Amino acid sequence: MMEIPYTVKPHPVTGVYNGKFGIWLFLASEVMLFGALFSAYVLLRVGADTWPRGSALLNVPLATLNTMLLITSSVTMVMSWASLKVNNFGKYRFYFASTIFLGLAFLVVKSFEYGAKFEHNHFPSTDTFYAIYFTLTGLHGLHVLGGILVNTYLLSTAKSMWNRDPEHMTNRIECAGLYWHFVDLVWIFLFPVLYLL
Amino acid sequence: MTQDEIKKHVRIYIAVFAALAALTVVTVAISYLHLPLPYAIAVALLVATIKGSLVASYFMHLISERAVIYGVLAFTLIFFAALLFIPMYTTFEGSF
């Protein structure tokens, strides 16, 4: 079986290993996906006769807690990569598992928030504000869930891969980290736009 | 990257984390000042941009990345700006 080339060494044309180049191209497409929805949000808001302040309808303390959870998970993610760089597999496992746990905590908080909205009969069909709120936060939540699933797979196969090819494993974690930080970055903009303004 | 360099990076990551947490508190605190909407939008987006830049620069290592990645991002930013502003311009052409 032919091995995938340049998973560790930089590609002579791009100067980076293929995985990193690939994940950046993927993130570029993600910018356009969320960009289209942000654009829709601006158009809806500017075109509306009245638009509610998010803080009047949404739970700001819960969203602040979620912001802190995601920021912390970004730090644990980058620390897990740094741990592999200094050959400390034990610390990597701790930080990476913490990242998964914090991502799950984010989704649990989000589910409480959604539950409260549904209890008060606020659905995507209620009005334009809730339509764009559920669309943006729902899509973001799916990205968090996707990240958790991939990270869980990477954690479950980490030991064998670390023993077989530690450099390749470190690069995989860097790519997973780039995705996770992007998800954090999207939330950094969603939080003020939806909840505070 | 040497072990000493990684240790230096770790110190930076912790400093960035502290800055992100502090800026989150600042964002929420400013929202309680109930500024007029244009000012509130400007301040909130400014703080979010600073936070986003910190994440991208340090956690995503964009501060010391290869030219090809900057090239991909430059194209992305151009298309993102077009995606954001062309619909606005065409929709509200009469209002500008």
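1. Read along the sequence, chain A follows the pattern α-α-α-α-α-α-α. The chain holds 7 helices and 0 strands, where helices (H or I, at least four residues) and strands (E, at least two) are DSSP runs numbered from the N terminus. This is a predicted model, in which local features need pLDDT of at least 70, side-chain atom pairs count only at pLDDT 80 or more, and totals for chains, interfaces and linings use all residues. Residues are numbered from 1 along each chain as its sequence is written, chains are lettered from A and ligands numbered from 1 in the order in which they are written, and side-chain values use heavy atoms, with hydrogens and water left out.

2. Overall dimensions and burial of chain A. Taken along the principal axes, the C-alpha atoms of chain A fill a box of roughly 60 × 35 × 25 Å. Of the 197 residues in chain A, 52% are buried; buried means under 20% relative accessible area, exposed over 50%, and partly exposed in between (1.4 Å probe, protein chains only).

3. Helix 7 of chain A. This helix covers residues 166-196, and its 31 residues should span 45 Å at 1.5 Å a residue; the end C-alpha atoms are 44 Å apart, which agrees. The expected span is 1.5 Å times one less than the number of residues. Because 27 of the 31 residues are buried, helix 7 of chain A is largely enclosed by the rest of the structure. A kink of about 30° lies at Leu190(A), shortly before the proline Pro192(A); the bend at a residue is the angle between axes fitted to the seven residues ending there and the seven starting there.

4. Helix 7 of chain A against chain B. The axes of helix 7 of chain A and helix 1 (residues 3-31) of chain B come within 11 Å and cross at roughly 15°. The two helices are therefore roughly parallel. Axes here are lines fitted to C-alpha atoms, for helices over the stretch in contact, and angles run from 0 to 180 degrees between N-to-C directions. Angles under 35 degrees count as roughly parallel, over 145 as roughly antiparallel, 65 to 115 as roughly perpendicular and the rest as oblique. The crossing of helix 7 of chain A and helix 1 of chain B is right-handed; a crossing is right-handed if the near helix is turned clockwise from the far one by less than a right angle, and left-handed if anticlockwise.

5. Helix 4 of chain A and its partners. Helix 3 (residues 60-85) and helix 4 (residues 89-119) of chain A have axes that come within 8 Å and cross at roughly 160°. This makes helix 3 of chain A roughly antiparallel to helix 4 of chain A, and their crossing is left-handed. The axes of helix 4 and helix 7 of chain A come within 13 Å and cross at roughly 30°. Helix 4 of chain A is thus roughly parallel to helix 7 of chain A, and the crossing of this pair is left-handed.

6. Two buried positions in chain A. Tyr92(A) lies in helix 4 of chain A and counts as buried at 0% relative accessibility. The C-alpha atoms of Tyr92(A) and Thr170(A) are separated by 9.9 Å, although the residues are 78 apart along the chain. Asn151(A) belongs to helix 5 (residues 128-156) of chain A and is buried, with a relative accessible area of 3%. Between Asn151(A) and Thr72(A), 79 residues apart along the chain, the C-alpha separation is 16 Å.

7. Backbone points to inspect. Most residues other than glycine have a negative phi. Tyr6(A), however, has a positive phi near 55°; this residue lies in the segment before helix 1 (18-47) of chain A and counts as partly exposed at 34% relative accessibility. Asn121(A) also has a positive phi, near 60°. Asn121(A) is found in the loop between helix 4 and helix 5 of chain A and counts as exposed at 54% relative accessibility.

8. Chain B. The chain is divided into domain 1 (1-64) and domain 2 (66-96), with bounds that come from an automatic or database domain assignment. The centres of the two domains, taken over C-alpha atoms, are separated by 23 Å. Ala67(B) is found in helix 3 (residues 67-91) of chain B and is exposed, with a relative accessible area of 63%. Ala67(B) and Ala22(B) are 45 residues apart in sequence and 32 Å apart in space, C-alpha to C-alpha.
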